[in-house]
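Look at the sequence and the model below. The report then takes the structure part by part, beginning with a single residue.

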Amino acid sequence: MKHVLVLHYSQSGQLTEILNNVVSDMVNHTELTIDYHKIEMETPFPFPWSKEEFYGVFPDTYKQNARPVKAVPKHILEKKYDLIIFGYQVWYLTPSLPTTSFLNTDDAKKLFNNTNVVTVIGCRNLWMMAQEKMKHKLKALQANLVGNIALVDNHINHISVITIAQWMFSGKKERFLGIFPKPGVAQKDIDNASRFSPTIVKHILKNDFSTLQNSLLEKKAVTVKPFLVTMDTRGNVIFSKWAQIITSKSEKNTPKRVFWVKIFNYYLLFAIWIISPIVFILFLFTYLPLYGKIKKDKKYYSSVVLK
Ligand SMILES: Cc1cc2nc3c(=O)[nH]c(=O)nc-3n(C[C@H](O)[C@H](O)[C@H](O)COP(=O)(O)O)c2cc1C
């Protein structure tokens, strides 16, 4: 008998739906047991978000400053799992604060130690550097990352920015003004996540995960878009500076913090609408000279290897 743990956090339920499809073939399998745990914060994050809270969570998220998380039930903690399927979303180019907080707990240390892990990401479209941070966290927990699936909003970047903001601030996954597409991961991509299930089952039963990521890639588990890698990398350089500025200039829950977070909010809008199109044009100019590096990056970010 093989034991699987499905572990995740989700505000809207989008990631819950994705994970339920990813494990659809495991649920009634006679050779598998499956347990579920949903990460819960001692003080839950709001959903829908207010603007102040949404931007206010940036410094702690980016710096991975853990907040208190509810304990994992004993019956889960006492089990040794053959595979953990770990679902997380990206907040500010970083694994979301609930998931990094969870990975900081003693419960996580116990569960992840020497355990195989498949990460499942459900986000807007910038997950590559967050997954690098996740690789480091998993390594520190002595877990073995054996697979990664990343589901994203495939609409063009600026459309997805508009629609996700509407979703996060209203709590409704609806077509904005009736003209924009639905926000987040498309329903057909959520439903098709069940295609990964037989592949994962096959590898668990063989107890051999060495080729799992290649098998998942054949099923298009991950698409790496070179321009988004550039944006993600540059975004991280700029976010480190902003996280530093905000925390050095203001204390949490003070009017000064509210002020600096507002400045960051305006900067972010400027970066998305003005800077990113310029970076895109520069990227097009460098595409051919940098073609070799782009190809190498694509292969690396599709893999579960840590440089
Ligand atoms: C505070 C915050 C920041 C986010 N930042 C990013 C980001 O940097 N990159 C990205 O692709 N998605 C980002 N998202 C979208 C989330 O990854 C995710 O798709 C969305 O919150 C729905 O997840 P859920 O399953 O928790 O409902 C962000 C969401 C929130 C709430």
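## A residue to start with

Is Thr-94 buried or exposed? Thr-94 is buried, because its relative accessibility is 0%. Buried means under 20% relative accessible area, exposed means over 50%, and partly exposed lies in between, with a 1.4 Å probe and protein chains only. Thr-94 sits in strand E5 (residues 94–95). Helices (H or I, at least four residues) and strands (E, at least two) are DSSP runs, numbered from the N terminus.

The side chains of Thr-94 and Lys-133 form a polar contact of 2.9 Å. A polar contact is a pair of N or O atoms within 3.5 Å; within protein, one must be able to donate a hydrogen and the other to accept it, and residues adjacent in sequence count only if both atoms are side-chain atoms. Contact in general means heavy atoms within 4.5 Å. Beyond its neighbours within four places in sequence, Thr-94 is in contact with Thr-61, Tyr-62, Gln-64, Gln-89, Ala-130 and Lys-133.

## How to read the model

This is a predicted model: local features need pLDDT of at least 70, side-chain atom pairs count only at pLDDT 80 or more, and totals for chains, interfaces and linings use all residues. Residues are numbered from 1 along each chain as its sequence is written, and side-chain values use heavy atoms, with hydrogens and water left out.

## Two domains

The domain assignment gives domain 1 (2–224) and domain 2 (228–299). Such bounds come from an automatic or database domain assignment. The contact between them takes 21 residues from domain 1 and 26 residues from domain 2. Taken over C-alpha atoms, the domain centres are 23 Å apart.

About 2,200 Å² is buried between domain 1 and domain 2. Carbon and sulfur atoms give 73% of that area. Buried area is the accessible area (1.4 Å probe) that two parts lose on being put together, summed over both. Tyr-55, Phe-58 and His-158 supply 26% of what domain 1 buries against domain 2, more than any other three residues.

In soluble globular proteins, nonpolar side chains tend to be buried together. Here the largest nonpolar core has 96 residues. It draws at least three residues from each of domain 1 and domain 2. A nonpolar core is a set of buried Ala, Val, Leu, Ile, Met, Phe, Trp, Tyr and Cys residues joined through side-chain atoms within 4.5 Å. Those with the most contacts inside this core are Met-26, Phe-102, Leu-111, Phe-112, Trp-127 and Ile-200.

Take Trp-127. Leaving aside neighbours within four places in sequence, its contacts include Val-90, Ile-121, Asn-148, Asp-232 and Tyr-301. Asn-148 lies in strand E7 (residues 144–151). Why does Asn-148 count as buried? Its relative accessible area is 1%, so it is buried. The side chains of Asn-148 and Thr-119 are joined by a polar contact of 2.9 Å.

Helix H8 covers residues 157–170. Its 14 residues should span 20 Å at 1.5 Å a residue, and its end C-alpha atoms are 20 Å apart, so the two agree. The expected span is 1.5 Å times one less than the number of residues. The buried residues of H8 are Asn-157, Ser-160, Val-161, Thr-163, Ile-164, Trp-167 and Met-168. Their cover includes helices H1 (14–22), H2 (51–56), H12 (226–249) and H13. Gly-171 follows H8 with a positive phi, near 80°.

Helix H10 (residues 196–206) has buried residues too, among them Phe-196, Ile-200 and Ile-204. What covers the buried residues of H10 includes strand E1 (2–8), strand E2 (32–38) and helix H11 (212–218). Just after H10, Asn-207 takes a positive phi of about 55°.

## Toward the end of the chain

Tyr-300 lies in helix H14 (residues 291–302). Tyr-300 is buried, because its relative accessible area is 10%. Its side chain makes a polar contact of 2.6 Å with the side chain of Glu-132. A polar atom of the Tyr-300 side chain also lies 2.9 Å from the backbone nitrogen of Lys-307.

Ile-263, in helix H13 (residues 255–286), is partly exposed, because its relative accessible area is 30%. Ile-263 and Val-304 are 41 residues apart in sequence and 37 Å apart in space, C-alpha to C-alpha.
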